[in-house]
Amino acid sequence: MNIYLIGFMGTGKTSVGRQLAKEKEWNFIDLDELIELKQQRRIVDIFAQEGEPYFRKIEKKFLRQVCSQKKFVVACGGGVVLDPDNIKLMKKTGILICLCAAGEVILKRVSTSASRPILNVAKPRERIELLLKMRAPYYIQADKTIDTSKLSIKEAVTKIIKIVSSGAVSRKR
Ligand code: S3P
C-alpha cells in the first residue's frame with residue numbers, strides 16, 4: 001500500500017509528504033521531481049517546449065511506475081487528478097489524502113517560486129480561485145481531506161498518521 005498526497009499547488013504535499021515518509025519509515029517520492037529527473041529538464045520547460053497534454057502523458061506514465069511500488073509516500077502534482085485513470089489506479093494501490101488550503105494561503109506559499117507554469121499568469125489569485133472551483137469535483141474523490149492553511153508540517157503529518165493507522169480508509173484494500 002502507498003499513501004498518495006493529492007491537492008492543489010501550495011497545499012504542502014511535498015513538505016508534508018517528506019516528513020510523513022520519515023516518520024513512517026517509508027520511501028518518499030515527489031512525482032514532479034521524478035519527472036524532472038527522468039526528463040532532464042524542469043516542469044516549466046516541459047510545459048513551454050511540449051505543452052500541457054504531453055506533460056500529462058508522462059505524468060501518467062511515471063505515476064503508473066510509482067503505483068507498482070509499496071510503502072511509498074507519493075507527493076503528486078496538483079493536476080494528476082484530472083485523469084480518471086490516475087485516480088482509479090491510486091485508489092487501487094493506496095490511500096488518497098487531499099491537502100487543501102485557502103486561496104490567499106496558496107498564493108502566499110507559491111508566490112516565492114516561478115516554477116509553476118499553471119500560475120505564471122497576470123492574475124494568479126483569480127486563476128487559483130477558478131482552478132480550485134474547477135478541480136473541486138476531482139479533489140473530493142480523496143479518502144480524506146486535510147486543510148493545511150493553519151497547520152504546521154508536523155501537525156498535518158500527525159493527522160495523516162492518525163487517519164492511516166485508524167484503518168478507516170484502508171480496510172477496503
Ligand atoms: C500542476 C501542479 C504542479 C506541477 C505542474 C502542474 C497543476 O505540481 O505538476 O506545474 O496542474 O496543478 P505541484 O502541485 O506539486 O506544484
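Colleague: Does Cys67 count as buried or exposed, and at what relative accessibility?

Modeller: Cys67 counts as buried, at 6% relative accessibility (buried is under 20% relative accessible area, exposed over 50% and partly exposed in between, with a 1.4 Å probe and protein chains only). This is a predicted model, in which local features need pLDDT of at least 70 and side-chain atom pairs pLDDT 80 or more, while totals for chains, interfaces and linings use all residues. Residues are numbered from 1 along each chain as its sequence is written, and side-chain values use heavy atoms, without hydrogens or water.

The closest cysteine sulfur to that of Cys67 belongs to Cys76, 7.7 Å away and therefore too far for a bond (a disulfide needs sulfur atoms within 2.5 Å). Cys98 is likewise buried, at 3%, and its sulfur lies 6.0 Å from that of Cys100, again too far for a bond. The structure holds 0 disulfides.

Residues 52-67 form helix 4, which packs with helix 2 (residues 31-39) at about 105 degrees, the axes being 10 Å apart (helices are DSSP runs, H or I, of at least four residues, numbered from the N terminus; axes are fitted to C-alpha atoms over the stretch in contact, and angles between N-to-C directions run from 0 to 180 degrees). The two helices are therefore roughly perpendicular (65 to 115 degrees; under 35 is roughly parallel, over 145 roughly antiparallel, the rest oblique). Helix 2 contributes Leu31, Asp32, Leu34, Ile35, Lys38 and Gln39 to the contact, and helix 4 contributes Tyr54, Phe55, Ile58, Glu59, Phe62, Leu63 and Val66 (heavy atoms within 4.5 Å). Beyond its neighbours within four places in sequence, Ile35 touches residues including Ile43, Phe55, Ile58 and Phe62.
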